[in-house]
Amino acid sequence: MSQQPIIIKQIIGKTVKALRIRQGLTQEDLAYECNVDRSYISMIEVGRNEPSVSKIFELCLGLRIRPSDFFTLVAIEYDNILQDSNKLRAE
């Protein structure tokens, strides 16, 4: 079974957390902005929950980032992980 879905959930979570912290928001603040429970934000950040595309757009509003920029950050991190993985296999 591919690890790809697990990796993507973790990258999304890591990205949400980094942006939230950069904006000086608590999980409670972001949850309020997105009309969700704080535990939902926590589950996303630790990679246990994968938000829908529409919820990502809501998160982006709360994080004050364009969805296209959010997905670019996720794609960059995904590419970095793939490159690191390929380097390890080559060694």
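Predicted model: local features only at pLDDT ≥ 70, side-chain atom pairs only at ≥ 80, totals over all residues.
Helix α4 spans residues 53-63. Its buried residues are K55, I56, L59, C60, G62 and L63. Viewed along the helix axis, these residues fall within an arc of 160 degrees, so they line one face of α4. V53 and L61 are exposed on the other side of the helix. The buried residues of α4 pack against α1, α2 (27-34), α3 (38-45) and α5. After α4 comes R64, which has a positive phi near 60 degrees.

P67, F70, V74 and Y78 are the buried residues of α5. The elements that cover them include α1 (4-22) and α4.

The structure contains 5 salt bridges. One of them joins K14 and E77, with the closest N and O atoms 3.0 Å apart. K14 belongs to helix α1 and E77 to helix α5, so this pair ties together parts that lie 63 residues apart in sequence. Both residues are partly exposed, K14 with a relative accessible area of 49% and E77 with 22%.

A salt bridge also forms between R38 and E28, whose closest N and O atoms are 3.9 Å apart. This pair links helix α3, which holds R38, with helix α2, which holds E28, across 10 residues. R38 is partly exposed at 34% relative accessibility, and E28 is partly exposed at 45%.

The side chains of D69 and R66 meet in a further salt bridge, at 3.4 Å from N to O. Here D69 is partly exposed, at 33%, whereas R66 counts as exposed, at 54%.

Terms used. Residues numbered from 1 in each chain as written. Heavy atoms only, no water. Buried < 20%, exposed > 50% of the residue type's maximum accessible area, 1.4 Å probe, protein only. Helix = DSSP H or I, 4+ residues; strand = E, 2+ residues; numbered from the N terminus. Contact = heavy atoms within 4.5 Å. Arc of directions from axis to C-beta. Salt bridge = Lys/Arg side-chain N within 4 Å of Asp/Glu carboxyl O.
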